[in-house]
Amino acid sequence: MHDARVLVVDDSAAMRALFCDVLEQSKNVVVVGTAASAAEARDQIAELRPNVVTLDVEMPGMSGIEFLEEIMTTNPMPVVMLSALTQSGTETSLKAFELGAVECFPKPLKATPEQFAKTVGKLGKIVIAAANSNVRDRPRHRAPKAESTGAGGYAPNGKIAAFSTSMGGVDALTEVLGHYPKNCPPTVIILQTEPALAEMFIARADKDCACAVKAAADGAELTPGTVHIAFNPGKHVIVEPGSPARLRMVERDPVEGFRPSATLLFGTIARGGLPAIGAVLTGMGEDGAKGLKLLQAAGCRTLAQDRGTATVPQAPAAAVEAGAVDAELKLEELAADVLGQCGSAEG
């Protein structure tokens, strides 16, 4: 794993100092420079050759989003966007993911010193993961709705699809769900990201995708045509067997540091003897690896996003190294495999 060599770009001297102080306390992170504008950052990138840039959205002259687009077009590299989690901020964050940002990090502008330290303390782990990420060489465009591709109808066979993802997950899910037909397999997804960003992503996906995309809710039935996305950091999501199976939101301690936990989700599906397919997509950490192993032992097919193309390969790599993966696939192949396992095209 490579150390992170970070360039901090923010027009506020106070914010530059705060983020530099936090990052310099993180192991395996070196702040190689700072910049107050896109013009300064352009020169610093050429001179200092950082392997990660943290980039503020609001800057004088060229905005952070405009500069991100320039970077990803001319000199692709890992970029972590810094944005306030307002309505406009979350919309901007989704745009940043489309342009190629590795992650969008919330700037705690109205927080106590303790809350600020806790929130920003996550930044060190994020920039290390970013330094070891696979960066796209061009922006990814949203996949067309499945109904517009001429694929015909789709008949689910009763299997449940379960995914987990974190860093890079918004981008990965945009592609996978873009291939989902209207009558898609019943699907439950754990998305580890900021709740405000998850809510905005769900609203957009529900509008853009052929299927329905909803926030996971206690008692929700797992029926064809709906994707349920769990993101509440205060609750786990599990699957309760039945006809149909239902989601349950439960308040328990984190499992190996994660809540909601993919390992717990996968494990409840396996213990319930439910026909399913499980997949670990791009993300940090090892959440989901042990649960995927339980699904595999229960006779379910298990997948991981290809480590060579996953934005952040840590989570897929952990699942592969645990011997829990039947196949390692690129996103388009993974979506096709899930749909093939969980149903068939008609006509």
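Before looking at handedness I wrote down the convention: a crossing is left-handed if the near helix is turned anticlockwise from the far one by less than a right angle, and right-handed if clockwise. Helices (H or I, at least four residues) and strands (E, at least two) are DSSP runs, numbered from the N terminus.

Ground rules next. I am working on a predicted model, where local features need pLDDT of at least 70, side-chain atom pairs count only at pLDDT 80 or more, and totals for chains, interfaces and linings use all residues. Residues are numbered from 1 along each chain as its sequence is written, and side-chain values use heavy atoms, with hydrogens and water left out.

Two packed helices are described by the angle between their axes and the distance between the axes. I take axes as lines fitted to C-alpha atoms, for helices over the stretch in contact, with angles running from 0 to 180 degrees between N-to-C directions.

I looked up helix 2 (residues 38–48) against helix 3 (residues 64–74) and got an angle of about 25 degrees, with the axes 11 Å apart. Helix 2 passes helix 3 in a right-handed crossing.

Which residues of helix 2 and helix 3 meet? On the helix 2 side I noted Ala38, Ala41, Arg42 and Ile45, and they meet Phe67, Glu70 and Ile71 in helix 3. Contact here means heavy atoms within 4.5 Å. By class, I have five nonpolar, no polar and two charged residues in this contact of helix 2 with helix 3. For the classes, Ala, Val, Leu, Ile, Met, Phe, Trp, Tyr, Cys and Pro count as nonpolar, Asp, Glu, Lys and Arg as charged, and the others, Gly among them, as polar.

**Entry: helices 7 and 12**

The axes of helix 7 (residues 169–178) and helix 12 (residues 331–342) come within 9 Å and cross at roughly 50 degrees. Helix 7 and helix 12 are therefore oblique to each other, and their crossing is right-handed. I listed Ala172, Glu175 and Val176 from helix 7, with Leu331, Glu332 and Ala335 from helix 12, as the residues making the contact. Those of the helix 7 and helix 12 contact split into four nonpolar, no polar and two charged.

How many residues of helix 7 are buried? I got ten of ten, so I call helix 7 mostly covered, where buried means under 20% relative accessible area, exposed over 50% and partly exposed in between (1.4 Å probe, protein chains only). The buried residues of helix 7 include Asp171, Thr174 and Glu175.

**Entry: cores**

In soluble globular proteins, nonpolar side chains tend to be buried together. I count as a nonpolar core a set of buried Ala, Val, Leu, Ile, Met, Phe, Trp, Tyr and Cys residues joined through side-chain atoms within 4.5 Å.

The largest nonpolar core has 60 residues, and Met81 and Tyr180 have the most contacts inside it. A second, separate core of 31 residues includes Val237, Leu247, Leu265 and Ala315.

I then checked alanine 230, in strand 10 (residues 226–230). Alanine 230 is buried, with a relative accessible area of 2%. Skipping neighbours within four places in sequence, I found alanine 230 in contact with Ile189, Ile190, Leu191, Ala216, Val237 and Pro260.

Most residues other than glycine have a negative phi, and most peptide bonds are trans. I went looking for departures.

Where are the cis bonds? One joins serine 243 and proline 244, with omega about 0 degrees; proline 244 lies in the loop between strand 11 (236–240) and strand 12 (246–250). Another joins arginine 259 and proline 260, with omega about 5 degrees, and proline 260 is in the loop between strand 12 and helix 9 (262–271).

For positive phi, I noted asparagine 28 near 65 degrees, in the loop between helix 1 (13–24) and strand 2 (29–35). Asparagine 28 is partly exposed, at 38% relative accessible area. Arginine 49 has phi near 50 degrees and lies in the loop between helix 2 and strand 3 (52–56). Arginine 49 is exposed, at 65%.

Methods:
Parallel < 35°, antiparallel > 145°, perpendicular 65-115°, else oblique.
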